[in-house]
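Please read the following account alongside the sequence and the coordinates, moving from one to the other as each part is taken up.

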Amino acid sequence: MSSAIVTAAHDSSAPGAQRFTLPKFGMLVFLASEAMLFAGLIGGYIVLRLAQGPGNWPPPGAPEIGVKIPPTFLNWVMIINTAILLTSSLTYHWGETRMRKGGSGLLGYGLTALFGAIFLGVQAWEWLHLKHEGMWLDTYGTYGSCFFTMTGFHGAHVFLGLLAILLVTWRAILRQMRLFSGQAPTGSHTCEELTGYYWHFVDVVWIFLYSILYVV
Amino acid sequence: MSTATLTHAEAHSHHDHHEATGWKKYLWSLDHKIIGLQYLFGSLAFLFVGGGLALLLRWQLAFPSTQVMPDGNVGNPLSLAFINPQFYNALFTMHATVMVFLVVMPVLVGAFGNYLIPLKIGCGDMAFPLINELSFWVWLASGLIMLAGFFVAGGAAAGGWTSYAPLSSVAAYNGTKIGQTLWAAGIFINGLASIMGAFNYITTIVNMRAPGMGFFRMPLAVWALFITAFLLLLAIPVLSAAGAMLILDLNFGTNFFNPAKGGQPLLWQHLFWFFGHPEVYILILPAMGMVSDILSVNSRKPVFGYRAMVYAMIAIGFLGFIVWGHHMFVSGMNLVLSAAFGVSTMVIAVPSAIKTFNWLGTIWGGSIRFNTAMLNALAFVSMFVIGGFSGIFMASTPVNIFVHHTYFIVAHFHYVLFGGSIFAMFAAIYFWYPKMFGRLMNETLGKIHFALTFIFFNLCFFPMHNVGLGGMMRRIADPTAYEHLRALQPINQFITIAAIGLGFSQLLFLYNFFRSLRHGEPAGKNPWEATTLEWTVDSPPGHGNFATTPTVYRGAYEYSVPGHAKDFIMQTEPPDPDLPASALARSRPVPVG
Ligand code: HEM
Ligand SMILES: [Cu+2]
């Protein structure tokens, strides 16, 4: 394995030229762990839902969140919100591509931050709406428990991702200022790449959650 | 040997604890070796906390505070009045929690994983030093949070380390909403620390091996920690999810485990044991890896069946994820499913047996050095066999129904956890202490400590098989309250006396450990004449470990290679031009023609 990345012994303080690779690798391994966290939650959801027997999910009287044909107002809100989150992955990717080509990527990153914030805001609105309708952690048996816990866990991840994206956007602003003053942007892209992995992961998780909580 | 001269200036600074900065280094450092030592001292401290809790438990079982004496008085005259049944429950819950999450995991994975991985694969530090140091503090915080339960209203969590719902999830049942919440929060936070360590280890081992250190040249200790890291990575988050649900059920009215509102108490058991069985392999695999190395060094022979050992550990890792149901045979399980879990559990005994026979093969015909590390390693093998056997008994559903929730189980897991993991911990400490601190521990004291521990351990835990088969249930505060257990009370008192002996024998270890820091014989670089990379550098190694990145030319176990003057060849030694290359490539000694 002489091809393995070898940090120069002795200067563990200077990460060496391979610092791009190690953090990316580490992030991917970490995301495997995150996937198991959601697998645990989703597994629990499936058990609890099946235990209710057919026809009892959602329990009688609970607010309708499942997608209907034609879609209700709330359906539309969440469909659009989902589309916004998925689009934010594309804008992020676009930002990264611009950045790699020597641009700042500011527009892509900025839009991602905006979309992420909108997603969280709409989700908060949905929570309040449902709470107002009488659905909360402790109502409608395990229905409310599952819904708020799972979307809550996911929302917390989106929130952390959003903080990272704000940092990335700030770095893009700095790069853009260098560009304006005629200098080439410098510095590594590690921060952007790691945030990207995380953000795409959080998006993929949402596809699963949206499918089982709203569609199936 | 005694001139353990440290050539590097920065290496030398490691020895100077005189100035204040020297100690600060032990509070916040990015050096994997210091972090390893932080974990070592932290978990040894918790070992004595957990041991103290155990002695209180044993005292109550021998002399129950609620026992009705022949004269009609309540309370054995020798009993400790403050141990009431609820407190007893808190004691065994916290004893197990401390031992699993704050002693065995951190000492094997945190301390030895951190200390040994970079040194053994030939790199300067872990991939993410900052995350590494954070993981230590997060871990320590989790321990303090869990133990804080003793000081809140209602006391510490008391639903067992398995915290079965709904006992754990309904405050009215467990009597300590805050304590149980602190327990679950502690478990969650502890999991964060484990995951930080796990992805760090995996990244380091995959990417930072020295040139020539192929995967199949890695010492088995590194392999074991590598596989353990995967188990941590994939099993811990499921426990975290369950812990979060438990906190929500207790405090925010969710109904995950509440059958009255459609919740499923069994869901907790499935999530817990999906984590729980991989967890027991997290607790034993690093021990297996380190013991393999220690046996080989001290038998002056290569590990027997190196690749088989690796594949067996991988198999154990995989199978460990599909056997969790063997903890739930009596929880109301479909019989077909129960048979499937029984069979998969017995299948996991196959790789375990492969490892055992390979350990025997390793020492077979060797020129064995019976030093303290070796004695503890041998104890590991023999005690693990006993624990493994009782495991197979319990894996068969009909037997399990008979012994489930009895002291037979308690005997089983103490044979694998104390007999296995803790003896391996002692072996590893005696073995790597000279590398960590530059001095050897005292062998005479070490052997006395070993003999006392081994004898008292067996006197304490073997009879638990008997009282278990005699019908004694786990987790009862007063055996004398049950007609059928009264005849067993003398055995219970005997066990308690042995436990006290076992506990106090550890003071000898403590004395030896701290005395040797200053007065131990200087160790030099390679006191055991071992081949792996950590023995090529100073003891303790300087910052950055290796002056230049080492190049590895051979496997980790070249002992007693025929035709060689010394009976060991360092991994860094280039091939000998006088010998045919094929003879050197072999991992087993072969006659050279
Ligand atoms: C040959 C390998 C093994 C087999 C076949 C095996 C089998 C079992 C079975 C069937 C049980 C459930 C007993 C019951 O509650 O009814 C059990 C419990 C347990 N085992 Fe093992 N085991 C093995 C190795 C280990 C190892 C290596 C460890 C830890 C290092 C371990 C730790 C435990 C613990 C802690 C429990 C009790 C959990 C509890 O209920 O609190 N086992 N084992
Ligand atoms: Cu198990």
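This is a predicted model: local features need pLDDT of at least 70, side-chain atom pairs count only at pLDDT 80 or more; totals for chains, interfaces and linings use all residues.

Residues are numbered from 1 along each chain as its sequence is written, chains are lettered from A and ligands numbered from 1 in the order in which they are written, and side-chain values use heavy atoms, with hydrogens and water left out.

Donors here are N, O and S atoms within 2.8 Å of the metal (3.2 Å for Na, K and Ca), and because water is not among the atoms, sites may look incomplete. With that rule, the iron atom of ligand 1 has a single donor from the protein, the NE2 atom of B:H412, at 2.1 Å. B:H412 itself belongs to helix α14 of chain B, which covers residues 407–437; helices (H or I, at least four residues) and strands (E, at least two) are DSSP runs, numbered from the N terminus.

The copper ion (ligand 2) lies 4.6 Å from the iron atom of ligand 1.

Leaving aside residues up to four places away in sequence, B:S292 touches B:L220, B:V303, B:M309 and B:W359, where contact means heavy atoms within 4.5 Å.

How many residues of chain A are in contact with chain B? There are 35 of them, and they meet 48 residues of chain B. The size of an interface is often given as the accessible area lost when the parts come together. Chain A and chain B bury about 3400 Å² between them, with 72% of it on carbon and sulfur atoms; buried area in this sense is the accessible area (1.4 Å probe) that two parts lose on being put together, summed over both. Zero salt bridges are found across this interface, a salt bridge being a side-chain nitrogen of Lys or Arg within 4 Å of a carboxyl oxygen of Asp or Glu.

On the side of chain A that touches chain B, α1 (21–51) and α4 (142–180) each supply at least two residues. The largest share, 16 residues, comes from α1(A). By residue class, this side divides into 21 nonpolar, 13 polar and one charged, where Ala, Val, Leu, Ile, Met, Phe, Trp, Tyr, Cys and Pro count as nonpolar, Asp, Glu, Lys and Arg as charged, and the others, Gly among them, as polar.

Taken as a whole, chain A has five helices and zero strands, and its C-alpha atoms fill a box of roughly 65 × 45 × 25 Å along the principal axes. Of its 216 residues, 47% count as buried. Among the contacts in chain A with a separation of 6 or more, 76% come from residues 24 or more positions apart. A:A51 is placed in helix α1 of chain A, and at 40% relative accessibility A:A51 counts as partly exposed.

Some backbone details of chain B remain. The peptide bond from B:A165 to B:P166 is cis, with omega near 5°, and B:P166 is in the loop between α5 (129–148) and α6 (171–174) of chain B. Another cis peptide bond joins B:S539 and B:P540, with omega about -10°; B:P540 is in the loop between α16 (489–519) and α17 (581–585) of chain B. The loop between α16 and α17 of chain B also contains B:N545, which has a positive phi of about 70° although it is not a glycine. B:N545 is buried, with a relative accessible area of 4%.

Definitions and conventions
Buried means under 20% relative accessible area, exposed over 50%, partly exposed in between (1.4 Å probe, protein chains only).
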